[in-house]
Structures are given as structure tokens and as C-alpha cells.
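Q: I have just opened this model and would like a guided look. Could we begin with the pockets?

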Amino acid sequence: MTIRTRFAPSPTGYLHIGGARTALFSWLYARKHGGQFVLRIEDTDRERSTEASVNAILEGMAWMGLDYDEGPFYQTERFDRYKEIIQQLLEQGDAYYCYCSKKELEAMREQQMREKKKPRYDGRCRHSGIPIDGIDPVIRFKNPIEGSVVVDDLIRGKVVFQNNELDDLIIARSDGTPTYNLTVVVDDMDMKINHVIRGDDHLNNTPRQMNILKALGAESPKYAHVPMILGEDGKRLSKRHGAVSVMQYHDEGYLPEALLNYLVRLGWSHGDQEVFSIDEMIEKFDLSDVNKSASTYSADKLLWLNQQYIKESNVEHIAHHLNAHLAKRDIDPAEHDNLHGVIQAQQDRAKTLVEMAEGSLFFFKDFTEFEAAAAKKHLRPVAAEPLKAMLSAFENMDDWTAEAIHAQINKVAEQLDVKMGKIGMPLRVAICGQGNSPDINITAYLIGKQRCITRIKMALEFIVQRQNEQEKA
């Protein structure tokens with residue numbers, strides 16, 4: 001049997017962390033078993049579904065590298081098929097028209113609550129659905145009254161539901177449009193989905209869907225219900241915890257592999273291993289190793305993992321993802337031949353690609369002002385002599401390499417009989433415009449000889465100007 005899984009998001013918002021994890025687990029299971037992964041867009045909620053949300057889902061899937069073998073299929077293009085199935089269920093006596101008004105249903109619910117019963121439809125139209133003028137009926141599935149449904153869940157184990165606890169759910173609204181529990185059954189049946197991996201908030205729908213499949217003479221897929229993700233406060237994950245669009249993680253400078261690695265560890269483990277390559281995830285992932293309890297989202301853990309990926313990834317891969325962040329800052333990477341060197345200089349420092357892009361600006365762009373705090377501390381009159389000495393040394397250098405620059409800084413320090421910091425920090429502020437940068441030798445080399453000379457001269461002018469202002473005051 002060929003394993004066929006699916007990811008079936010509703011395009012009523014962005015692709016969030018929970019949905020992305022479900023997609024990843026489904027994708028990994030299909031890839032591990034040499035199966036197919038299907039993408040289906042469940043867009044029957046016409047009022048809330050938007051094209052922008054569809055695009056956000058597709059964009060998020062593409063960025064994460066979760067390629068699908070079939071789809072995307074859209075439920076709104078399958079309405080004729082759903083009507084056909086609904087008619088089949090009506091004809092074989094497994095569905096019926098319900099003419100109950102909203103007022104009648106509310107009264108029924110209130111009565112059940114007063115009697116401390118579970119609120120549910122009592123089946124009053126099940127055998128005598130008499131048409132009522134002015135009411136467009138819904139269509140309900142005639143759920144079995146006796147027996148039970150056993151969900152042999154691949155994560156949770158066996159879960160038993162009594163049929164007498166399940167009401168006759170609506171499968172078609174009064175306007176004729178099908179409901180979720182009908183469309184998902186038809187889609188899974190037609191698309192030959194044999195493994196459904198989804199959030200455990202769907203678990204209560206599963207016995208109803210299995211009963212519909214049985215009525216259609218179809219075999220139920222195997223189900224795996226993944227526990228929810230909680231915030232660090234123990235509450236359901238929401239925006240306030242950082243449960244944002246997957247593409248926001250892109251915008252904030254996360255590598256897709258880091259996010260995937262973090263997501264796979266939200267509820268799944270393989271020994272004590274924390275960092276997994278994509279190939280390792282595929283090889284080692286198994287639904288039997290998914291935890292039965294909820295997982296806790298940690299923004300700090302994700303950030304740590306992203307830093308590990310930045311440190312270990314090859315330069316070309318980082319450059320590919322960094323380019324977009326540089327472009328947002330009006331830097332065209334194609335115009336610079338030292339991008340890889342700039343990346344290598346910062347790989348051990350940057351936690352995100354945004355941080356790396358921000359820290360790269362002085363390599364590519366000239367500045368007109370020095371960072372105020374850094375200039376106040378390091379561009380003082382006492383720094384003028386070391387900077388003049390470094391200016392002279394740089395002007396006379398023919399071999400512009402990091403090693404040669406390091407040698408010149410050492411030489412000036414010996415000549416002036418000062419510690420390296422007395423030269424390194426003023427030089428760093430002079431050529432970077434700020435007090436934070438990678439190793440000063442590498443930094444100066446990557447900035448380039450002429451630009452370093454120009455910036456040191458600007459720093460010396462700044463020192464003179466500030467000294468004059470202080471004397472006047």
C-alpha cells in the first residue's frame with residue numbers, strides 16, 4: 001500500500017505554527033514511507049476564505065520546502081461531487097431533511113441544559129421530516145443509534161465513542177452548501193488518503209466521519225491526532241505567545257530549516273538529539289514517537305536553534321536567504337563581491353538573518369554620522385594619535401589582507417606603547433560608525449583600504465570638531 005497523507009488548511013487566515021507542524025508531520029510521514037503528500041484547500045467557508053490567505057499558505061509551504069505531490073485541490077471546485085454524495089446518502093436512507101427552525105433548536109438546547117443533558121439534536125425530524133413553508137431545510141446524516149466507533153489512533157491508541165452520544169450532524173446547510181464533516185470525508189475517500197494526521201481538536205469529528213465513510217461503503221483511513229501546542233503560560237497558543245504567520249518568521253530572519261527543526265521537536269523526539277537535518281527528520285520520524293501530551297512553545301528555544309543553523313550552514317545557503325533582507329535595506333548583493341566574507345565574519349555572532357543584515361550595513365554603505373554613544377566613548381582627543389598612526393599605516397600598505405592589517409595594528413600599539421584596545425576600539429568606531437563589529441582585522445579587510453582611509457579621516461575631523469565645540473562651551 002502506498003502511503004498517502006494530506007494537509008488540508010482552511011484559507012481563513014495565515015499559515016500558523018500549529019498548521020505548519022501538522023503539514024510537516026504529514027509530509028515527513030509520506031516522505032519516510034515513499035508515499036504521496038497531497039495539499040487540499042478547504043475553502044467552503046466563502047465568507048471567511050480569501051485569496052490572500054490561499055497565497056499565504058502556498059508561500060509558507062514553499063518557503064519551508066514542504067513540496068506536495070498532488071494539488072492544491074480546492075473544495076469550491078468540487079461542489080457537484082458533494083451534491084452527488086449527499087443525494088446518495090438521502091436515497092439510501094442515511095440522511096434526511098430537517099425543517100427545525102432556529103428558534104425550535106434553541107428551545108431544545110435550553111430544555112436539555114435545564115435537564116442537565118448534553119446539548120445535541122434529538123433527531124425529531126429523523127423519521128418524519130415534514131416540509132414547513134418558509135423554511136429551507138438542512139440535511140442531516142442519520143448517525144447509527146446503537147454500537148460504538150473505535151478510533152485506533154496512531155498516537156493516542158484506541159479511543160471509543162458510543163454512537164448514542166453522537167447526534168445527527170448537518171451535512172448540507174439550508175442554502176445547499178456542504179459542511180466540513182461531509183466534504184472532508186468525500187475528499188479523503190476520492191483522493192485515496194489512507195493516513196490522516198491532524199490536530200487533536202478534530203478527534204471528536206472522527207467517529208462521525210468514520211460513520212459517514214461506512215455508510216458510503218468506504219474504508220476509513222488511519223488517524224493520528226497530534227496534541228495541541230501551548231504557550232509557556234500553559235494556555236492554548238495564540239498571537240500573544242508568538243503564534244504568528246509562518247512568513248513572519250521569514251521576515252524576522254529565521255532559516256526555514258531551523259523552523260522545521262523546531263516544529264518537529266514540538267511533540268516528537270528521538271533520544272536526546274536536538275538538531276536534525278531534513279534527511280534525518282525523514283529517516284527517524286515516526287508517529288509512534290509523538291507525545292500524547294501537549295507541547296510548549298518557546299520563542300527562546302527557536303531563537304537558539306536558529307543561531308545554531310546560521311553557525312553551521314554553508315555560506316551559499318545563508319546568502320540565498322540573506323539577500324532578501326539586504327534588499328529591504330537597499331543593498332543589492334550582486335553589486336558586492338565580498339558578501340560571502342561578510343557572512344563568514346558574522347556567522348558565530350548573528351542569531352537571525354535580520355541581525356546579520358543590520359550588522360552588515362557598514363560593509364556596504366558609507367555613513368555620515370557615528371553612533372552617538374560609541375563616538376562619545378571612543379572618538380575622544382586621546383584617540384587622535386592612534387588613529388593618525390593607523391591612517392598612515394593603512395595609506396602605506398600594499399598587502400591588504402586581514403593578517404597584514406593585524407600586523408600593522410600590533411606595530412602601532414608597540415610604537416605608541418599602548419594596549420590593543422586603545423587602538424582597536426577607536427579604529428572600530430571610525431571605520432564601522434559603531435562600537436560593535438566582527439574581528440577588527442577581518443572587518444577592515446572587508447570594508448576595503450580606501451574606504452577605511454576615508455572613514456578614519458572623517459573620524460579625525462569629528463574629534464577636532466567636537467574638541468572645538470567643547471572649548472567654545
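**Pockets, strands and backbone**

A: The largest pocket has 39 lining residues, and those nearest its centre are His16, Gly18, Gly19, Asp201 and His202. A pocket here is an open set of points on a 1 Å grid over the protein atoms alone, where a 1.4 Å probe fits, with protein on both sides within 12 Å along at least five of seven lines; lining residues have an atom within 4 Å of a point. The model is a predicted one: local features need pLDDT of at least 70 and side-chain atom pairs count only at pLDDT 80 or more, while totals for chains, interfaces and linings use all residues. Residues are numbered from 1 along each chain as its sequence is written, and side-chain values use heavy atoms, leaving out hydrogens and water.

Q: What volume does the largest pocket have, and what classes of residue are in its lining?

A: Its volume is about 1000 Å³, taken as the space filled by probe spheres set on the points, with grid points joined across faces, edges and corners. The lining of the largest pocket has 15 nonpolar, 13 polar and eleven charged residues. Ala, Val, Leu, Ile, Met, Phe, Trp, Tyr, Cys and Pro count as nonpolar, Asp, Glu, Lys and Arg as charged, and the others, Gly among them, as polar.

Q: And the second largest pocket: which residues are closest to its centre?

A: The second largest pocket holds about 340 Å³ of space. It is lined by 19 residues, and Asn194, Glu219, Ser220, Pro221 and Lys222 are the closest to its centre. The largest share of this lining, three residues, comes from β6. By class, the lining of the second largest pocket divides into eleven nonpolar, three polar and five charged residues.

Q: Back to β1. Which way do its residues point?

A: Arg4 and Arg6 point one way from β1, Thr5 and Phe7 point the other way, and all are buried, meaning under 20% relative accessible area with a 1.4 Å probe and protein chains only, whereas exposed means over 50% and partly exposed lies in between.

Q: How many bridges join β1 to β2?

A: Four bridges join β1 to β2 (residues 36–41), and the two strands run parallel. Arg6 has Val38 as its bridge partner in β2. From β1 the chain crosses through α1 to β2, a right-handed β-α-β crossover: with the strands pointing away from the viewer, the path from the first strand over the helix to the second runs clockwise.

Q: Where is Lys192, and is it buried or exposed?

A: Lys192 is in the loop between α5 and β9. Lys192 is exposed, with a relative accessible area of 60%.

Q: Where does Asp417 lie?

A: Asp417 lies in the loop between α17 (402–416) and α18 (420–432). Its phi is near 55°, a positive value in a residue other than glycine, and Asp417 is exposed, with a relative accessible area of 69%.

Note on methods. Pairing = 2+ DSSP bridges.
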